[in-house]
Amino acid sequence: MRFGILLEMFPIALMFAAPIIIAALGGLFSERSGIVNIALEGIMMVGAFAGAAMTVVLEPLLPGWAPWMGILMGMAAGMLFSLLHAFASINLRADQVVSGTALNILAGGLTIYLSQILFNQQRTRAFSSGLRKITVPLLDKIPLLGRMFFREIYPTFYVAMALVVLTWFVIFKTPFGLRLRACGEHPQAAASMGINVYRIRYAGVVISGALAGLAGATMVLTQDIQYTITSVHGTGFIALASLIFGKWNPWGVLGAGFFFGFSQTLSFYAKDIPFLAPLPLEVFYILPYVLTIVALVVFAGKTVGPKAAGEIYDQGKR
Amino acid sequence: MAAKKKDAKATPASAVAPLATPTETSPLEPAVRVANPVGSFDPDAGHAPKVILKRNKVLVPLVAVALGFLVGSIVILITGKSPLLMFNALIQGVTGINIALGGFNPRHIGELVIQAMPIILTGLSVGFAFRTGLFNTGAEGQLMVGALAATAVALTVKAPTIIHVPLILLAGAGAGGIWGAIPGYLKARFNVHEVVVTIMLNYTALHFNNWTILNVFGSVDRVKTAEFPVTALLKDPWLADLTNGSRLNWGFVPVILSLVLYWFIIEKTTFGYGLRAVGFNKDAARYAGMKVKRNVALSMAIAGAFAGLAGAIITIGTFNFGRALSAAEGYGFDGIAVALVGMTQAPGILLAGLLFGMLKSAGPLMQSAGIPKEIGGIIQASIVLFVGMKLGIERIIDIARGKRADRLALAAAENAGEVGV
């Protein structure tokens with residue numbers, strides 16, 4: 001019985017985990033390049049808005065494909081939006097937390113403002129269908145695993161999986177990844193080896209914008225019927241938590257994203273699970289945040305994050 | 001390590017810093033660091049003469065505000081409306097006078113004050129932490145637990161107003177202080193970065209608040225608690241009548257007291273001096289024998305108390321019941337904006353709080369003029385972004401100020417054959 005519930009939870013947990021993982025990977029690119037990105041939440045909101053709006057507009061023209069165009073639009077919007085963060089914190093040496101905060105405030109205002117202009121209401125119009133769940137033929141016949149990972153799953157979960165592998169490869173196996181990490185550890189040293197720190201950091205932030213935008217669009221097109229101001233409801237910060245909990249490593253991010261996705265899902269199922277039933281729902285909501293604080297304390301004093309993240313890089317200073 | 005790099009460009013006092021053991025700066029510093037909060041010593045401007053430096057400190061926020069309104073106007077223009085309607089709404093929000101149609105309604109002034117009160121307090125909260133070199137992104141959560149504590153005292157204690165209200169305000173400030181002390185302690189003891197911890201604590205506070213409101217105090221409709229007794233309220237029919245039925249209440253009294261207290265602690269006490277010293281350069285401060293860790297923890301606690309007080313004032317001033325919230329209300333972000341634009345100075349925070357309060361209170365007026373009220377958020381965010389981009393703004397100011405001087409210098413350089421690239 002209990003096991004049955006667990007299996008039932010899987011598709012939902014994967015649906016929650018996908019945007020968390022994708023956005024956290026975005027944060028990974030940015031922070032590994034040395035730019036702290038607390039604007040993940042805001043970028044996700046912009047991506048979610050763009051994705052939902054695009055889907056609504058294209059639905060009559062391209063039924064079936066509209067959500068995928070929405071996903072692309074979300075990515076593009078996220079990239080564009082993150083350029084602001086890049087410009088402020090790289091070219092103008094703004095404090096990265098200040099600039100990130102500004103983006104978070106801006107996202108709420110901008111998306112709802114545009115909703116009012118485009119749709120005359122506080123949210124986008126509802127789309128008739130978001131992304132559709134898919135069942136992978138053959139693989140879904142695998143006992144147990146098939147039911148867990150391949151039956152009635154949103155395709156964005158596979159996108160997230162692919163991105164984890166891709167991120168790992170790019171960060172640890174390519175020259176670009178090496179340069180990115182160098183800029184996050186010791187930009188002056190990287191610059192002395194002829195690396196253009198500005199350009200690499202721009203790449204880091206823009207990639208993070210694309211991924212966070214993708215995550216936002218994914219979220220709204222799998223978990224919602226329209227974009228509202230609460231569509232993203234703190235998932236960007238959970239992604240930030242996953243990044244820290246996963247020690248700035250793609251595989252760690254994957255694990256943390258799964259874990260937080262499950263803890264959200266548990267809040268729906270807790271009442272059916274005897275030993276969890278007495279716990280208030282709020283415990284499951286709070287879990288990711290409290291665990292992140294605990295993790296930070298446990299990691300304290302160990303080398304975990306990119307050393308130069310958050311530091312302002314000034315070419316003139318060595 | 002990180003400590004040394006910071007020293008290299010920091011105050012002259014940092015010359016002594018390398019002597020101090022850099023144990024405080026753990027490698028996990030990563031996440032985010034405010035080496036240079038607005039309003040503190042500015043190492044980047046070291047080349048500029050002192051007078052210009054001071055003038056820029058006031059000019060940067062002013063230019064940022066002007067540019068913010070410019071961006072807002074452009075956004076309104078692009079979306080096919082008239083920015084004049086926005087400015088009309090803003091003027092009406094501040095003075096109560098409707099220029100376009102005529103008429104005067106003091107209710108708008110009352111609503112402006114109502115909107116400004118909590119964000120002045122969260123501005124003080126963020127500003128206080130800034131002064132110690134800490135970034136308090138957790139004013140939102142501290143405000144929520146303050147509101148929760150206020151609800152508890154309002155519902156459970158029976159006392160005459162003269163005792164009940166101060167007790168509620170103290171409870172709010174105390175609860176906010178404790179909530180703020182958590183990241184402060186973690187920062188001091190484990191060097192865990194306060195930005196991440198406070199963000200996580202915001203959401204923890206949100207859900208903790210909701211659970212307590214709904215399960216401990218019982219909710220009428222899954223949204224709010226029963227109404228408070230009259231003795232618990234800051235509301236006053238006289239103030240409401242004076243402003244034609246606005247929600248204005250006595251909450252502005254503790255707000256003003258807080259502003260004075262903030263100024264006094266920071267500028268006039270040894271304790272405040274110690275806090276600022278830690279903000280300037282914590283290695284130098286430690287070398288001078290100051291208790292850096294204690295100051296860091298205390299600073300966050302006091303910052304939290306200001307935000308907690310805001311929560312209490314909202315709860316018994318604007319409302320008369322405890323509330324479960326579906327999402328954060330943005331007071332914490334507003335506080336960051338207020339503190340940055342106010343340059344972490346008490347008078348600046350007051351003005352910035354009124355400015356952003358104006359943007360909020362004029363929202364419904366703009367909405368009825370056909371301009372989505374979210375333009376306020378867009379302008380506010382742009383202002384924060386521009387304050388953050390202070391290097392760019394300084395360049396603009398320099399250009400505007402020194403255009404002629406620059407041209408002369410350029411000509412001289414060209415004559416000397418130095419500009420050939």
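Mentor: The model is a predicted one. In it, 46 residues of chain B are in contact with 54 residues of chain A.

Trainee: What makes two residues count as in contact?
Mentor: Their C-beta atoms, placed from the backbone, must lie within 7 Å.

Trainee: Which elements of chain B give two or more residues to the side that touches chain A?
Mentor: They are helix 6 (161–190), helix 7 (194–215), helix 13 (331–341), helix 16 (375–388) and helix 17 (390–415) of chain B. Helix 7 of chain B supplies the largest share, 12 residues. Sorted by class, this side of chain B has 30 nonpolar, 13 polar and three charged residues.

Trainee: Why is B:K268 called exposed?
Mentor: B:K268 has 10 other C-beta atoms within 10 Å. The term applies at 12 or fewer, so B:K268 is exposed. This residue lies in helix 9 (residues 252–268) of chain B. Its C-alpha atom and that of B:I336, 68 residues apart along the chain, are separated by 24 Å.

Trainee: What makes a set of residues a nonpolar core?
Mentor: The members must be buried residues of the listed nonpolar kinds, joined through C-beta atoms within 7 Å. The largest such core has 217 residues, and A:I21, B:I316 and B:V384 have the most contacts inside it. Helix 12 (residues 292–318) of chain B gives the largest share of this core, 17 residues.

Trainee: Which residues does A:I21 touch, not counting residues up to four places away in sequence?
Mentor: A:I21 touches A:A160, A:V164, A:V253, A:L254 and A:G257.

Trainee: How many residues does the second, separate core have?
Mentor: That core has seven residues, among them A:L180, A:A182, A:V197 and A:I200.

Terms used:
Residues are numbered from 1 along each chain as its sequence is written. Chains are lettered from A and ligands numbered from 1 in the order in which they are written. This is a predicted model: local features need pLDDT of at least 70, side-chain atom pairs count only at pLDDT 80 or more; totals for chains, interfaces and linings use all residues. Helices (H or I, at least four residues) and strands (E, at least two) are DSSP runs, numbered from the N terminus. Ala, Val, Leu, Ile, Met, Phe, Trp, Tyr, Cys and Pro count as nonpolar, Asp, Glu, Lys and Arg as charged, and the others, Gly among them, as polar. A residue is buried if 20 or more other C-beta atoms lie within 10 Å of its own, exposed if 12 or fewer, and partly exposed in between; C-beta atoms are placed from the backbone.
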